[in-house]
Amino acid sequence: MQTVFEYNVLAPGPVNLHPKVREALALPMIHHRTPDFDKILARTLQKLKTLFRTQEPAFILSSTGSGGLEALLVNTLSPGDEVLGIDSGKFGERWCEMATTFGAKVTVLKTGWGEAVKISEVAKHLSDHPNTRAVICQACETSTGVLHPIRELGELIHQYPQTLFLVDGITALGAVPMPMDEWHIDGIVGGSQKAFMLPTGLSFVAFSKKAWKQIPDAKCARFYFDVRKEMKANQKGETFFSSNVTMIRALDVVLDLILTEKGLENHFEQIAERANFATSPEI
Ligand SMILES: Cc1ncc(COP(=O)(O)O)c(C=O)c1O
(Lines give C-alpha, C1' and ligand atoms only; values in the text may rest on other atoms or scores of the structure.)
Protein backbone atom coordinates (compact mmCIF):
# COMPACT_ATOMS: atom_id res chain seq x y z
CA MET A 1 0.00 0.00 0.00
CA GLN A 2 1.27 3.45 -0.83
CA THR A 3 1.98 5.57 2.24
CA VAL A 4 0.27 8.97 2.23
CA PHE A 5 2.84 11.60 3.07
CA GLU A 6 1.57 13.75 5.93
CA TYR A 7 3.22 17.03 6.69
CA ASN A 8 2.52 19.83 9.07
CA VAL A 9 1.54 23.12 7.46
CA LEU A 10 2.83 25.83 9.80
CA ALA A 11 1.52 28.96 8.08
CA PRO A 12 -1.22 31.55 8.70
CA GLY A 13 -3.07 29.65 5.98
CA PRO A 14 -3.40 27.15 4.46
CA VAL A 15 -3.42 25.06 7.62
CA ASN A 16 -3.78 21.36 8.45
CA LEU A 17 -7.24 19.96 7.80
CA HIS A 18 -9.23 18.35 10.62
CA PRO A 19 -10.00 14.63 9.94
CA LYS A 20 -13.74 15.38 9.95
CA VAL A 21 -13.20 18.08 7.32
CA ARG A 22 -11.22 15.62 5.20
CA GLU A 23 -14.10 13.16 5.47
CA ALA A 24 -16.58 15.85 4.38
CA LEU A 25 -14.38 16.76 1.41
CA ALA A 26 -14.39 13.12 0.28
CA LEU A 27 -18.20 12.69 0.23
CA PRO A 28 -19.92 11.80 -3.07
CA MET A 29 -21.24 14.76 -5.07
CA ILE A 30 -24.85 15.89 -4.80
CA HIS A 31 -26.57 18.44 -7.03
CA HIS A 32 -26.75 21.95 -5.63
CA ARG A 33 -30.34 22.64 -6.76
CA THR A 34 -31.82 20.02 -4.41
CA PRO A 35 -33.65 20.18 -1.06
CA ASP A 36 -30.74 18.23 0.54
CA PHE A 37 -28.22 20.89 -0.40
CA ASP A 38 -30.62 23.75 0.38
CA LYS A 39 -30.75 22.54 4.01
CA ILE A 40 -26.96 22.42 4.28
CA LEU A 41 -26.64 25.91 2.78
CA ALA A 42 -29.30 27.43 5.06
CA ARG A 43 -27.78 26.09 8.28
CA THR A 44 -24.22 26.97 7.19
CA LEU A 45 -25.20 30.59 6.41
CA GLN A 46 -26.88 30.78 9.82
CA LYS A 47 -23.72 29.53 11.56
CA LEU A 48 -21.61 32.01 9.59
CA LYS A 49 -23.75 34.86 10.98
CA THR A 50 -23.00 33.55 14.49
CA LEU A 51 -19.29 33.57 13.79
CA PHE A 52 -19.46 37.07 12.26
CA ARG A 53 -21.61 38.15 15.26
CA THR A 54 -24.02 39.98 13.00
CA GLN A 55 -27.77 40.23 12.56
CA GLU A 56 -27.23 40.96 8.84
CA PRO A 57 -26.94 38.22 6.19
CA ALA A 58 -23.56 36.59 5.64
CA PHE A 59 -22.57 35.36 2.16
CA ILE A 60 -20.40 32.57 0.84
CA LEU A 61 -18.52 33.43 -2.36
CA SER A 62 -16.75 30.89 -4.58
CA SER A 63 -13.48 32.79 -4.73
CA THR A 64 -10.31 33.18 -2.74
CA GLY A 65 -10.21 35.95 -0.15
CA SER A 66 -9.37 38.54 -2.79
CA GLY A 67 -12.77 38.01 -4.44
CA GLY A 68 -14.32 38.93 -1.10
CA LEU A 69 -12.15 42.06 -0.95
CA GLU A 70 -13.43 42.98 -4.41
CA ALA A 71 -17.02 42.31 -3.29
CA LEU A 72 -16.64 44.77 -0.39
CA LEU A 73 -15.43 47.49 -2.76
CA VAL A 74 -17.72 47.06 -5.78
CA ASN A 75 -20.87 46.77 -3.70
CA THR A 76 -20.29 49.97 -1.73
CA LEU A 77 -18.21 52.36 -3.89
CA SER A 78 -18.56 54.45 -7.03
CA PRO A 79 -15.72 55.64 -9.30
CA GLY A 80 -14.35 58.91 -7.92
CA ASP A 81 -15.18 58.09 -4.28
CA GLU A 82 -12.60 59.18 -1.74
CA VAL A 83 -11.12 56.24 0.15
CA LEU A 84 -8.56 56.15 2.94
CA GLY A 85 -6.43 53.00 2.57
CA ILE A 86 -4.29 51.76 5.44
CA ASP A 87 -1.12 50.21 4.01
CA SER A 88 0.85 48.31 6.62
CA GLY A 89 2.28 45.66 4.30
CA LYS A 90 1.71 43.62 1.16
CA PHE A 91 -2.02 43.02 1.56
CA GLY A 92 -2.82 46.62 2.45
CA GLU A 93 -0.83 47.77 -0.57
CA ARG A 94 -2.74 45.34 -2.82
CA TRP A 95 -6.19 46.33 -1.52
CA CYS A 96 -5.38 50.02 -2.15
CA GLU A 97 -4.31 49.06 -5.68
CA MET A 98 -7.60 47.18 -6.17
CA ALA A 99 -9.66 50.17 -4.99
CA THR A 100 -7.71 52.42 -7.37
CA THR A 101 -8.40 49.96 -10.22
CA PHE A 102 -12.13 50.36 -9.59
CA GLY A 103 -11.79 54.13 -9.85
CA ALA A 104 -11.65 55.18 -6.18
CA LYS A 105 -9.44 58.15 -5.26
CA VAL A 106 -7.32 56.42 -2.65
CA THR A 107 -5.25 58.29 -0.08
CA VAL A 108 -2.74 55.81 1.25
CA LEU A 109 -1.83 55.97 4.94
CA LYS A 110 1.34 53.93 5.32
CA THR A 111 2.45 52.63 8.70
CA GLY A 112 5.99 51.64 9.62
CA TRP A 113 6.90 47.97 9.02
CA GLY A 114 5.21 45.89 11.73
CA GLU A 115 3.35 48.87 13.18
CA ALA A 116 -0.39 49.26 13.69
CA VAL A 117 -2.15 52.33 12.35
CA LYS A 118 -2.48 55.26 14.77
CA ILE A 119 -6.09 56.19 15.51
CA SER A 120 -5.08 59.87 15.74
CA GLU A 121 -3.87 59.83 12.10
CA VAL A 122 -7.15 58.33 10.84
CA ALA A 123 -9.12 60.80 12.99
CA LYS A 124 -7.18 63.73 11.49
CA HIS A 125 -7.73 62.49 7.93
CA LEU A 126 -11.47 62.08 8.49
CA SER A 127 -11.88 65.49 10.05
CA ASP A 128 -9.91 67.06 7.15
CA HIS A 129 -11.79 64.95 4.52
CA PRO A 130 -15.37 64.49 5.74
CA ASN A 131 -16.42 63.22 2.27
CA THR A 132 -14.37 60.06 2.71
CA ARG A 133 -16.62 57.23 1.51
CA ALA A 134 -14.66 54.36 3.04
CA VAL A 135 -11.70 53.48 5.22
CA ILE A 136 -10.18 50.16 4.17
CA CYS A 137 -7.92 48.26 6.54
CA GLN A 138 -6.62 44.76 7.25
CA ALA A 139 -7.58 43.41 10.68
CA CYS A 140 -4.34 41.42 10.62
CA GLU A 141 -1.72 42.37 8.04
CA THR A 142 -0.44 38.85 7.42
CA SER A 143 2.84 40.00 5.89
CA THR A 144 3.98 41.46 9.24
CA GLY A 145 1.53 39.79 11.67
CA VAL A 146 0.39 43.15 13.00
CA LEU A 147 -3.16 43.49 14.40
CA HIS A 148 -4.83 46.86 13.79
CA PRO A 149 -7.07 48.45 16.46
CA ILE A 150 -10.31 47.47 14.70
CA ARG A 151 -12.62 48.17 17.63
CA GLU A 152 -11.29 51.71 18.09
CA LEU A 153 -11.34 52.40 14.35
CA GLY A 154 -14.94 51.21 14.22
CA GLU A 155 -15.92 53.57 17.05
CA LEU A 156 -14.25 56.49 15.27
CA ILE A 157 -15.64 55.82 11.77
CA HIS A 158 -19.13 55.20 13.16
CA GLN A 159 -19.26 58.94 13.97
CA TYR A 160 -19.13 59.72 10.21
CA PRO A 161 -22.51 58.82 8.67
CA GLN A 162 -21.14 58.85 5.07
CA THR A 163 -18.03 56.77 5.77
CA LEU A 164 -17.92 52.99 5.74
CA PHE A 165 -15.39 50.88 7.58
CA LEU A 166 -14.36 47.97 5.34
CA VAL A 167 -12.16 45.32 6.94
CA ASP A 168 -9.99 42.61 5.41
CA GLY A 169 -10.39 39.88 8.02
CA ILE A 170 -8.92 37.18 5.78
CA THR A 171 -6.46 35.98 8.41
CA ALA A 172 -8.18 37.44 11.48
CA LEU A 173 -11.86 36.56 11.15
CA GLY A 174 -12.42 33.38 13.14
CA ALA A 175 -9.01 33.64 14.84
CA VAL A 176 -9.52 36.72 17.03
CA PRO A 177 -12.76 38.18 18.43
CA MET A 178 -14.24 40.70 15.99
CA PRO A 179 -17.97 41.07 16.67
CA MET A 180 -19.01 42.86 13.53
CA ASP A 181 -22.17 44.64 14.71
CA GLU A 182 -20.83 45.66 18.12
CA TRP A 183 -17.57 47.02 16.67
CA HIS A 184 -19.31 48.99 13.87
CA ILE A 185 -17.63 47.13 11.03
CA ASP A 186 -19.52 47.93 7.79
CA GLY A 187 -18.07 45.24 5.56
CA ILE A 188 -15.81 42.32 6.39
CA VAL A 189 -14.29 39.38 4.54
CA GLY A 190 -12.89 36.07 5.79
CA GLY A 191 -10.98 33.42 3.82
CA SER A 192 -11.49 29.65 3.87
CA GLN A 193 -7.81 28.64 4.03
CA LYS A 194 -7.06 30.72 7.12
CA ALA A 195 -8.94 30.60 10.45
CA PHE A 196 -11.72 28.60 8.79
CA MET A 197 -9.24 25.71 8.44
CA LEU A 198 -10.44 24.62 4.98
CA PRO A 199 -8.74 24.44 1.60
CA THR A 200 -8.42 27.65 -0.42
CA GLY A 201 -11.44 28.63 -2.53
CA LEU A 202 -14.21 30.27 -0.49
CA SER A 203 -14.53 33.76 0.92
CA PHE A 204 -17.16 34.98 3.34
CA VAL A 205 -18.56 38.50 3.47
CA ALA A 206 -21.17 40.49 5.37
CA PHE A 207 -22.29 44.13 5.35
CA SER A 208 -23.73 46.36 8.09
CA LYS A 209 -27.09 48.15 7.93
CA LYS A 210 -25.17 51.36 7.18
CA ALA A 211 -23.48 49.66 4.19
CA TRP A 212 -26.76 48.17 2.92
CA LYS A 213 -28.11 51.72 2.58
CA GLN A 214 -25.26 52.50 0.14
CA ILE A 215 -25.26 49.22 -1.78
CA PRO A 216 -28.08 50.14 -4.23
CA ASP A 217 -26.33 53.39 -5.22
CA ALA A 218 -22.80 52.04 -5.68
CA LYS A 219 -21.77 52.57 -9.32
CA CYS A 220 -18.68 50.36 -9.60
CA ALA A 221 -19.16 47.64 -12.22
CA ARG A 222 -20.25 44.43 -10.51
CA PHE A 223 -21.72 41.19 -11.73
CA TYR A 224 -20.22 38.01 -10.22
CA PHE A 225 -19.80 39.70 -6.85
CA ASP A 226 -23.12 41.58 -6.80
CA VAL A 227 -24.38 40.71 -3.30
CA ARG A 228 -27.93 41.76 -4.17
CA LYS A 229 -28.18 38.76 -6.55
CA GLU A 230 -26.70 36.46 -3.92
CA MET A 231 -29.07 37.76 -1.26
CA LYS A 232 -32.13 37.03 -3.44
CA ALA A 233 -30.85 33.53 -4.26
CA ASN A 234 -30.02 32.80 -0.59
CA GLN A 235 -33.55 33.85 0.38
CA LYS A 236 -34.81 31.10 -1.95
CA GLY A 237 -32.42 28.61 -0.31
CA GLU A 238 -29.88 28.67 -3.15
CA THR A 239 -26.70 30.40 -4.30
CA PHE A 240 -26.95 32.56 -7.43
CA PHE A 241 -24.22 30.74 -9.36
CA SER A 242 -23.47 27.00 -9.07
CA SER A 243 -22.69 26.24 -5.43
CA ASN A 244 -19.34 24.99 -4.23
CA VAL A 245 -21.06 21.96 -2.68
CA THR A 246 -17.92 20.20 -1.46
CA MET A 247 -16.46 23.23 0.29
CA ILE A 248 -19.78 24.33 1.75
CA ARG A 249 -20.30 20.87 3.27
CA ALA A 250 -16.80 21.10 4.75
CA LEU A 251 -17.59 24.62 6.05
CA ASP A 252 -20.71 23.24 7.72
CA VAL A 253 -18.51 20.71 9.55
CA VAL A 254 -15.80 23.17 10.55
CA LEU A 255 -18.32 25.68 11.90
CA ASP A 256 -19.77 22.93 14.11
CA LEU A 257 -16.28 22.13 15.38
CA ILE A 258 -15.65 25.80 16.24
CA LEU A 259 -19.06 26.90 17.48
CA THR A 260 -20.45 23.73 19.10
CA GLU A 261 -17.65 21.30 19.96
CA LYS A 262 -15.10 23.89 21.10
CA GLY A 263 -17.12 27.05 21.63
CA LEU A 264 -16.07 30.33 20.05
CA GLU A 265 -14.52 31.80 23.20
CA ASN A 266 -12.43 28.67 23.88
CA HIS A 267 -11.38 28.64 20.24
CA PHE A 268 -10.14 32.26 20.48
CA GLU A 269 -8.37 31.51 23.77
CA GLN A 270 -6.53 28.52 22.30
CA ILE A 271 -5.39 30.57 19.32
CA ALA A 272 -4.24 33.41 21.60
CA GLU A 273 -2.27 30.91 23.73
CA ARG A 274 -0.53 29.56 20.63
CA ALA A 275 0.18 33.07 19.33
CA ASN A 276 1.64 34.08 22.70
CA PHE A 277 3.76 30.94 22.75
CA ALA A 278 5.02 31.50 19.20
CA THR A 279 5.96 35.12 19.92
CA SER A 280 7.37 34.61 23.45
CA PRO A 281 11.02 35.65 23.78
CA GLU A 282 11.88 32.22 25.33
CA ILE A 283 11.56 30.32 22.05
C1 LIG B 1 -4.69 39.79 5.00
C2 LIG B 1 -4.80 39.11 3.68
N3 LIG B 1 -5.49 39.73 2.71
C4 LIG B 1 -5.64 39.19 1.49
C5 LIG B 1 -5.10 37.96 1.19
C6 LIG B 1 -5.31 37.38 -0.18
O7 LIG B 1 -6.15 36.28 -0.06
P8 LIG B 1 -6.30 35.18 -1.22
O9 LIG B 1 -4.92 34.77 -1.57
O10 LIG B 1 -7.11 34.09 -0.53
O11 LIG B 1 -7.03 35.81 -2.34
C12 LIG B 1 -4.35 37.28 2.16
C13 LIG B 1 -3.74 35.98 1.83
O14 LIG B 1 -2.81 35.51 2.47
C15 LIG B 1 -4.21 37.87 3.43
O16 LIG B 1 -3.53 37.25 4.39
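Two strands pair if DSSP finds at least two bridges between them. With that in hand, here are some close-ups of this predicted model.

**View 1. Strand β8 and the two strands that pair with it.** Let's start with β8, residues 187-191, which is joined to strand β9 (residues 203-207) by five bridges in the antiparallel sense. Within this pairing, V189 stands opposite V205 of β9. Strand β7 (residues 164-168) runs parallel to β8, and three bridges connect them. Look for V167 here: its bridge partner in β8 is I188. How many residues of β8 are buried? Five of its five residues are, so described because buried means under 20% relative accessible area. G187, V189 and G191 point one way from the strand, while I188 and G190 point the other way.

View 2. Next comes the ligand, surrounded by 13 residues, with T64, S66, T142, D168 and K194 the closest. Helix α3 (residues 65-74) gives the largest share of this shell, three residues. By type, the shell divides into seven polar, four nonpolar and two charged residues. Zoom in on the oxygen atoms of the ligand: one is 2.4 Å from an N or O atom in the side chain of T142. A polar backbone atom of G65 lies 2.9 Å from an oxygen atom of the ligand, and for a polar side-chain atom of K194 the distance to a ligand oxygen atom is 2.6 Å. Taken alone, the ligand exposes 390 Å², of which the protein buries 88%.

View 3. The side chains of K47 and D252 meet here, at 2.4 Å from N to O. This pair links distant parts of the chain, 205 residues apart, with K47 in α2 (residues 35-52) and D252 in α9 (residues 245-262). Both K47 and D252 are buried.

View 4. In one of them, K209 meets E56 at 2.9 Å, N to O. K209 is exposed, at 58% relative accessible area, whereas E56 counts as buried at 13%. In the other, the side chains of K110 and D87 meet at 3.3 Å, N to O. Here K110 counts as exposed at 54% relative accessibility, and D87 as buried at 6%.

Terms used. Residues numbered from 1 in each chain as written. Predicted model: local features only at pLDDT ≥ 70, side-chain atom pairs only at ≥ 80, totals over all residues. Heavy atoms only, no water. Buried < 20%, exposed > 50% of the residue type's maximum accessible area, 1.4 Å probe, protein only. Helix = DSSP H or I, 4+ residues; strand = E, 2+ residues; numbered from the N terminus. Near = heavy atom within 4 Å. Polar contact = N/O pair within 3.5 Å; in protein donor to acceptor, adjacent residues only side chain to side chain. Areas by Shrake-Rupley, 256 points an atom, 1.4 Å probe, with all protein chains shown as cover. Nonpolar A, V, L, I, M, F, W, Y, C, P; charged D, E, K, R; others polar. Salt bridge = Lys/Arg side-chain N within 4 Å of Asp/Glu carboxyl O.
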